[in-house]
Structures are given as structure tokens and as C-alpha cells.
Amino acid sequence: MTQAVDSAPRTGSVSKPTAAETRLVIGLLLVSAFVVILNETIMGVALPRLMDDLDISAATGQWLTTGFLLTMAVVIPITGFLLQRFNTRPVFVWAMGLFSAGTLIALLAPGFTLLLVGRIVQASGTAIMMPLLMTTVLTLVDPAHRGRIMGNISIVISVAPAIGPTISGLILNAFSWRWLFGFVLPIAIAALILGMVKVRNVSTPRRAPLDVFSVILSAFAFGGIVYGLSSIGEAGTTGLFVPVTALVVGAVALAVFILRQTRLQRTDSALLDLRTFQTRGFTVPIVAMALSFMAMFGTLILLPIYLERVLGLEVLNVGLLLLPGGLLMGLLSPIVGRIYDRRGPRVLLIPGSIIVSAVLWALSTVGVDTSVWFVLGAHVVLSIGLALTFTPLFTAALGGLPPKLYSHGSAVLGTAQQLAGAAGTALFVTLLTIGAATAATGAGADAVAAATASGVKTAFLVGAVISLFGILASVFVTRPAVPEGAPTPPARALTAVPPTGPRGIVGGMRSTASELNWSGTVTYTAEQVLRPGSIDEAAEVVARSPRVHGLGTRHSFNDAADAPGVLLDLTAIPTDLVVDPDQRTATLGAGTRYGVVAPDIERAGFALHNLGSLPHISVGGAVATGTHGSGTTLGSLTTAVRSLELLGPDGTLRTVDRTDPAFPGTALHLGLFGIVTRVTLDLEPTYRMRQDSYGPFPWSTFTDHVAAVHAAGYSVCAYTVFGDEISEALVKSRVPDGADDVAVPDDLFGAPRLPGSPGDGHHTARDGSVGPWWDRLPHFPIESVPSHGSEVQSEHFVPLRHAAAALEALRGLADRIQPHLHVCELRTMAADDLWLSPTQGEDVLCIAFTWQKHPEAVAALLPDLEARLAPFDGRPHWGKMSSLDGDAIAELYPRVADVRALIARADPDRTFASAFGERVLRA
């Protein structure tokens, strides 16, 4: 039995919705979200009518809005957990079901108590809807087109609250307050029914534990802060005790909440994962967005008060006056989104934040004689400024997050919105109260109007000052880098990859593609680089091309991936991950990166035996070159291959598996047997790990115990620059099944265990915390964006029994090595029977040099370095720099002649031949 697993969206798995389905799902979510968000501000204008009909005070009636906001503040932080634990459709059904139920309760409520219950139930659904919308868009829409969709979301987030009072005024002008819910209920029920039928599951749920204490802390933290801020406006009559107490309780609970989430996120069990703030480009947009929401909600609360109490407008006229600005914001938002997609955030954000600030400064001059037309114009211009800011800020903040943090990022954004709205309202109302009290000179209507106008001026003046910080923040907002796992545009037609570097002449052939490797030190000489969107398209290219070669993620530091003719980049071909629990295998597209597919394998209950240090490399490229992790009992990544699916010279597919006697000669293939399209890998039950750091080790201590140090964990690597010590050893220990942790020693051959780091955007956790295998085996987290162009690499394998002697031999070159070296990493790898494997027949020590970007100097040094390793049968890594030629390689690999014979049979016309293969294998 096999099961298809939804891979990360960028891979274009078969379960991904079509473009039409995507538009339907997002459109339905947008309409639903607009309806539910509209209710956030719809009750303010209805308060006087409710006070009369239900015989309640203003303070009691205000709880219909305050209770709604409090519920939102409590539920939104929990949505990160809900969206990870449950699928898209059931979450949508719960959200709209709760909202519909709350609307029905409010419609039929005989009194205030049930009306308040209805509002709370409504708010529970509303709180879930916005993070669901955000997460779905991030999952389905590629980064290049998110601005346009985020523009539509801006309509929901900003326009719906803005026109809520207008719609409320229009309804109340002709109907009773119950129709505020009566008109909404049919729309909500229709959306619920349509969603039950049409909404597809686009996420991959995973088992996420619910930390009840975090839920309690969240309720006190965010609920306390929002309630405290909301109560400040009433402090003049009730005193400061209630708001101050609520704010203190909220602040203390928030501090404890943050500390607990920081600890829980080490094991991916946080209620609200705060690693979102470690992602480059998330924090600044969130701060800028909070300032914008403070300005919007503060203005929305202040302008009606000013228009009614100072200029004497009726409620309906106030709503109608604010309507043009809200509608204009809605019309501009999609246009702003399209501009963002083309030009990025700054061209919109900087002028937008300047406009917002200018309007606030202008509004700080209003008085009792100010024209209504001035206020209308100011509100319209303010709406333009906010439209220019919201879409870029939402898109920039969430766009750089890795897929696993989409739900948490959406929850953080929603929480920040609620806190900023409450803070803006509290600040502006408090300043209004203080300013009015200071300016009060009498009890007449004119005196009250003048005092209110003075308070409004004070509030807008302080808001204008705060807006200057928004301008400053906008300067630092940039378009986010695309993280691993983000969706990519669907493949349409086979297209040439655009040039990434200057054109030039390399080896006598003009490089019309001008494609570079990862470090920018190798220019590919192919005439064309193509990125097919399917295996059929790749087969067409192979069938019509006299020379073609596969291209991985360009992490080779030599010309192993280069060839004349056409290079095929397979990264746009869908992953189509299929896990077979009975056979314990995973079959997937060869162009898939390990960091994309590993979490999906783990969610299916399985694991790979090992991973490389960098999870951004493709499965096909790693298998082709014998790339590896570390572990004395662990083979290279190629040893996990159960079978390969290849395109032959005529474009037809064939499969090679372990039952084929030639499989050991084909698995590590260097791209010389065909274009590998799919790979089947061995799996084992999932497991957890911890990573600890030890050091430093005196040189002699380490060399005396090389094998023992590397046997201290499931996977161990050590670092040196060939001085007097080994600076550090990373020990990755596997946690036994069913256990919470595994015991590790406090020292390793005298080297103490270091405090370590909990992990950040640059490396995985090294503090002994337990996490999934895919987040501990690599050195770099899957969501990080690897650096480019700062290094070159060489790597050499010697039998483990010669490890100490080989290291001593290299140390004799320390004075020549060190000026060009970043660091040298020492790993181990188990023996295998693959014909071209550096570990064929014997366990090895891997000596991996990460050099500074001095390719000429390193190339000049390598002959002497490899001569030092020659007595120990040092073999080079196939994808890294080396000076060894075909004769030297033939001496190191006894089955080279057999490999040549296999290549000749598989590719008699040399369709897949390369200069590297000819030079190194004589193939």
C-alpha cells in the first residue's frame, strides 16, 4: 500500500489545487473574511439604539465591542496551533460555523446577556478566519504574485472595519438593530455551505501538542493588555485602577508567555512560535504595520467624535462622509498589490507613510470652524496613504517566512493588529480626554465643542509625531528573500533560464546561458539551460538534443554538472512524494531539495538515515555525487537509494534498482548514465535527536582518539584550522524511541560540553534540546537562505585507520593552508559497495575544506595537499575542487573500468558525456 503525501507547495505536488480551484478557494475565503471582519466595528454606531431598546448603560453596552476584541485577542494566538494541527476545510467549517452560530444567537437574543454571548461566539470564528486566509494564500500563491492577492486581503483587513460604521448607520436608519445580524446571517450560512463543498485541504497537518499553560498565559497576556488599553478611555469616570491592573497582569503574563514559547519552540511545540522574529525582514514590517493600524483605528474612533460633537453632524452623515475613503482604499489595494509584485515595497511604503504622517499633521490643526470638506479630503488622502502601506507590509512581513512558520506568522500578525488597534484607540481617546479637560472653560455647548476640538488636536498632534517613526521604519523594509519550500509559479511552457551573470568565453565556447555555480566560480559552458515543468517536457528535450546533461542546485565547485549542449534544471518538476509504509520507501522528484521534502516524510511517520549539512541541495544532485552527512555507521546519501528512474538517450524512461547487478555502478552516476527524474529512498521510522557542542580539544588528544570521538554520537563532526587544537565537535545523539531525551556526558576526552545555542536563522539548535531528525542532522535550518559566493570547497576521504597520520601530514602545510581557509570540517562515513564511492570497501574520515573565495590560490595549493594524502589513498569528492586526473582516479577506484563499460552500454552515442567525465573517468 502506498500513500501520496502533500509536499511543500513549491514542488507542485499532484494534490495541489488547479489555478481555477485556487481562485475559488481564495475568493471564498476573502468574502468570508470580509463578512466576519466587518462585524468588528459594526456595533459602535448601534450603541445608542441598544441602550434604549435593552435598557443598559453606555459602559455595559460597550462590552459588545470590548468583548468581541477580547475574544479575538485570546483566540488569535491559538490559531497557529490550530492551523498546524488540522486541515484547511475543517478549520474553515469551524470558523464560519462559529461565526454563523454567534450571528444567529445575536439575532434572536432576548436581552443583553445572550447578545454578548453571540458576539463572543462570533469573535471566536472571526479570530480563526484571518490567519486561515493568510496561511492559505502563503501556501498556494507564489511570492512573485502575492502582492496582488495581499492587496485583496488589505480590503478585508482595512476596508471592512473602515466601512463598518457606515453600513451600520445605513441599516439602523431603516431597520432595528437585529437586522445588523439578520442581513449578515444568510451570507455567512451560504459561505459555510459553499466552503464545505468547495474548499480543498491545502495544508499538511502534523501532530502538534497543545500546551494548556500557554493557552492560559495567552488569555491573560493578550486579553489583559487589550482590556487594559480599552478601559483607559473610561478611566476618567472609573479611575485608573482597573486599566492599570489589567495592563500589569497582561504584561507579566506576556513576559512568562514569551519565555515559555522560547523554550517550547526548541521542540516545535510552541503555541505561538516566536522564531518568526528571527526571520530576516519580519520584525520591521510588523512594527511599521502596528504604527499604521494605530493611526487607522485612532482616526476611526476620533473622527466620528469630532464630526458629531464639534461639527454637529448626524450619525448617518458621519458614516457617509467616511465611506469614500474606505471605498477608495478598497479600490487601490489590488493596484498597490500589482505594483508591489513588480517594484517591491519601498516605492509604495515610503510615500505612503509620508502621506499618512502629513494627514495627521494636517488634522492636528482642526478646530470648531474647520470645514467638513477639509475633514473629508483629509480622510480620503489618509486612506490613500494607508492603502499604499498595508499591502506591502503584509506581503513583506509574511513573504520571507518558511512554510512551517506560515500559520504562526499569520497569528503573530493578527495579534499585533489587535494590540495595535487597541493601543491606537486607547492612546487617541486618552489624549482626547486629557486635551479636552485641559481646554475646558465652561459648561455650554460651545465650550464643550471647543474643548473637544482641542482634545482632538492634541491626539492628532501626538499621532503625527509617532507617524515619523513609521516613515523611518518604511526605509528599512525590503522585499523578502524566497525561503525554502515557498511555492513557485506553475510551469507553463519550457523556457530558457534567464542569465545570472556576465556573458563570456569559457574554454573556447561562448556561454549563451552565462549560468554560474553556487559560488560564482564556475561558468557553465552549455549553450542553453532549460527548466522543464514535467518529466514529459524533459523527455522531449533529451530526445531532440544531441548533448544534454542534468543540472542540480549548482552546489558543485567544479565542472561536474557542466556539459556542452543543453543543461536540464529539474527543480520545477513536481515532487509528487509517495511514501510506501510497507516497503518503507519514499519516491520523489530528483530536483526536490532535502529541506523541502524532509518535513513531509516526518509527518508521514518516517525518516531518512542521514542528511547533508546543507538541506538546500537536491536529492538527485546529492545522490549523483556521493554527498554525505556524518556518522561512523552511516553511509553516504547515495546508499539510501532503492531505485532510480532515468531518461535514456532517446527520451524513454527506464528504472534501475538494487536487483540489477549493475546497480552499484549506476547509483553514484555523475550524470553520465542519463537524466535521473525520480528517486526511491529507503526510510525508517521517524526519530528525534539532540545536538551538543564540545571543545576545545588539544590537537594530540583529538588525533589519539579520532575514531572514538566520532563514535560518541549518531553523527559527529569536528572543526579545525590546523593550529594547536580542534576548536569544537558537534555531537548529534539519537533519542531512543519512546524516550523524552538521551543522556550525554559532560565532557568528551576532557573537552567540556559547551552551553551551545538554541539555534537561529543561521544554524540548527546546539543546546541539547530535542527536535525532529530533519532539524538536527543538518548544520543549517531548512528555512534559512544560504549565503552565496563567499567560499570554495574541496574534500578528501582517507581510510579511518589512517586518520591521525593524514591529519598530521596536512598540518605540515598549515602555514600555506591557513591564509586561505575559513574552516576544515572532519566527518566520518561508513563503507559501502558502490563502485565510484569514496567510501568503497572501508570506513573513512572526510576532511572537508571550506576555503575563502580564493579559487586560484586554492587550485595552486591542491596538488601539494593531495600529494600529502596520496600515501593514505586520499580520494576527492566528486563535486568539489581537486587536481587529480584520470590516471590518479583509476588507481584509487578499482572498478573505474567497469563503470566505463556500463556508460558505453547505456549511452553509446555519448548524449550525456561531459568534459569532467572524459577528464576524470576517461569516459
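I am working from a predicted model.

**Cores**

I looked up the largest nonpolar core first. It holds 123 residues, and Met-96, Met-129 and Tyr-306 touch the most other members. Helix α14, residues 283-309, gives this core its largest share, 15 residues. A second core of 60 residues is separate; Ala-560, Leu-637, Val-641 and Leu-672 are among its members.

**Cysteines**

I searched for disulfides and found zero. Cys-717 has 2% relative accessibility, so it counts as buried, the cut-off being under 20%. Cys-824 is at 0%, so it is buried as well.

**Cavities**

The structure has seven cavities of 30 Å³ or more.

Which residues lie nearest the centre of the largest cavity? They are Leu-291, Ser-292, Val-356, Ser-467 and Gly-470, out of 19 lining residues. The elements giving two or more residues to this lining are α14, α16 (346-363), α17 (372-399), α18 (406-439) and α19 (445-475). Helix α19 supplies the largest share, six residues.

I sorted the lining of the largest cavity by residue type. I noted 12 nonpolar residues, seven polar and no charged.

Note on methods: Residues numbered from 1 in each chain as written. Predicted model: local features only at pLDDT ≥ 70, side-chain atom pairs only at ≥ 80, totals over all residues. Heavy atoms only, no water. Core = buried A, V, L, I, M, F, W, Y, C linked by side-chain atoms within 4.5 Å. Buried < 20%, exposed > 50% of the residue type's maximum accessible area, 1.4 Å probe, protein only. Helix = DSSP H or I, 4+ residues; strand = E, 2+ residues; numbered from the N terminus. Disulfide = S-S within 2.5 Å. 1 Å grid on protein atoms, 1.4 Å probe; cavity = no way out; pocket = protein on both sides within 12 Å on 5 of 7 lines; lining within 4 Å. Points joined across faces, edges and corners; volume = space filled by probe spheres on them. Nonpolar A, V, L, I, M, F, W, Y, C, P; charged D, E, K, R; others polar.
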